[in-house]
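This report looks at the fold, the surface and the charge pairs of one protein model. Please keep the viewer open while reading.

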Amino acid sequence: MGQKVNPIGFRIQVNRDWRSRWYAAPKEYAQMLHEDLKIRAFLKKKLEQAAVPRINIERASQRLRVTIFTARPGIVIGRKGSEIDKLKEDIAALSTLKEVYVDIQEIKTPETNAQLIAENVALQLERRISFRRAMKKAAQTAMDFGADGVKVRCSGRLGGSEIARTEWHRL
C-alpha cells in the first residue's frame, strides 16, 4: 500500500491555513485540542442544515473566536441574532475561556466547495438515489458554477451490491 499524505498538512505552506490558531504549553495542549474537537463536533451537529464546511478556532489569552463558514447564514444567525447568542452560551459551556466570539462568514458559491459537494452526494446516497446520477449531477453543477475541474469518487457497497468497490466521475 502506498504512503498517504494528509491533504491539509500537505497544502498548508501553499494555499491553505490551519483550522485552529493558538499556542499552548505542552501540559495544556491536549486539553485545548480536545476542546476544539468538542466545539467542532457540537457545531457540526447543531448546524447540520446550515451547510457548514469549515469552522476556524482562534485563541488569544482568555478569548475564543469561532468563525463559522456557511452557505446559509440566515439559519445560523436566526431571528434578530437569537441563535448566535445561544451558540455563544453553548460554546462557552464547552470551553474554559471566558470571552467567546462567534463570527459568521458566508460562502458565496457553495456549489464549488468540495466539502459541501461531498455532503450533498452523501445525503443523496442516504436517500437511495443512484450513485452514478448523484456523482454526475454534483460534478456538472460544480462545472456550471465555474469550477476549473471536478472529480467525485464514491466507495463502498454501491447500489447495495455484495462486493464493495470504488467508482469515480471526472469533468
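Areas come from the Shrake-Rupley method with a 1.4 Å probe; for residues, only the protein chains shown count as cover.

## Basis of the model

This is a predicted model: local features need pLDDT of at least 70, side-chain atom pairs count only at pLDDT 80 or more, and totals for chains, interfaces and linings use all residues. Residues are numbered from 1 along each chain as its sequence is written, and side-chain values use heavy atoms, with hydrogens and water left out.

## Overall fold

The protein has six helices and six strands. Helices (H or I, at least four residues) and strands (E, at least two) are DSSP runs, numbered from the N terminus. Their order from the N terminus is α-β-α-β-β-α-α-β-α-α-β-β. The C-alpha trace spans about 50 × 45 × 35 Å along its principal axes.

Of the 171 residues, 31% count as buried. Buried means under 20% relative accessible area, exposed over 50%, partly exposed in between (1.4 Å probe, protein chains only). Contact means heavy atoms within 4.5 Å. Among contacts between residues at least 6 apart in sequence, 51% join residues at least 24 apart.

Glu 35 lies in helix α2 (residues 26-46). Its relative accessibility is 5%, so Glu 35 counts as buried. Setting aside residues up to four places away in sequence, Glu 35 touches Arg 59, Leu 94, Ser 95 and Thr 96.

Asp 36 is also placed in helix α2. Asp 36 is buried, at 0% relative accessibility. Beyond neighbours within four places in sequence, Asp 36 contacts Ser 20, Trp 22, Ile 57 and Arg 59.

## Salt bridges

Side chains of opposite charge can pair when their charged atoms come close. A salt bridge is a side-chain nitrogen of Lys or Arg within 4 Å of a carboxyl oxygen of Asp or Glu. The whole structure holds eleven salt bridges. One joins Glu 119 and Lys 44 (2.8 Å, N to O). Glu 119 is in helix α5 (residues 114-126) and Lys 44 in helix α2, 75 residues apart.

Another joins Asp 90 and Lys 46 (3.7 Å, N to O). Asp 90 lies in helix α4 and Lys 46 in helix α2, so this pair ties together parts 44 residues apart in sequence. Glu 83 and Lys 86 also meet in a salt bridge (3.8 Å, N to O). These two are three residues apart in helix α4, which means a separation of about one helical turn. Asp 17, Arg 21 and Glu 58 are linked in a network of salt bridges.

## Positive patch

Arg 11, Arg 16, Arg 19 and Arg 54 gather in a patch of positive charge on the surface. Patches are made of residues with over 30% relative accessible area and no salt bridge: like charges are joined within 9 Å, nonpolar side chains (Val, Leu, Ile, Met, Phe, Trp, Tyr) within 5 Å. Lys and Arg count as positive and Asp and Glu as negative; His and the chain ends are not counted. The place of a charge is NZ of Lys, CZ of Arg, CG of Asp or CD of Glu. Arg 11 sits in helix α1 (residues 7-11). Arg 11 is partly exposed, at 37% relative accessible area.

## Positive phi in loops

Ser 61 has a phi near 45°, a positive value in a residue other than glycine. Ser 61 is in the loop between β2 (54-60) and β3 (63-70). Lys 80, not a glycine either, has a positive phi of about 55°. Lys 80 is in the loop between α3 (73-77) and α4 (82-94).
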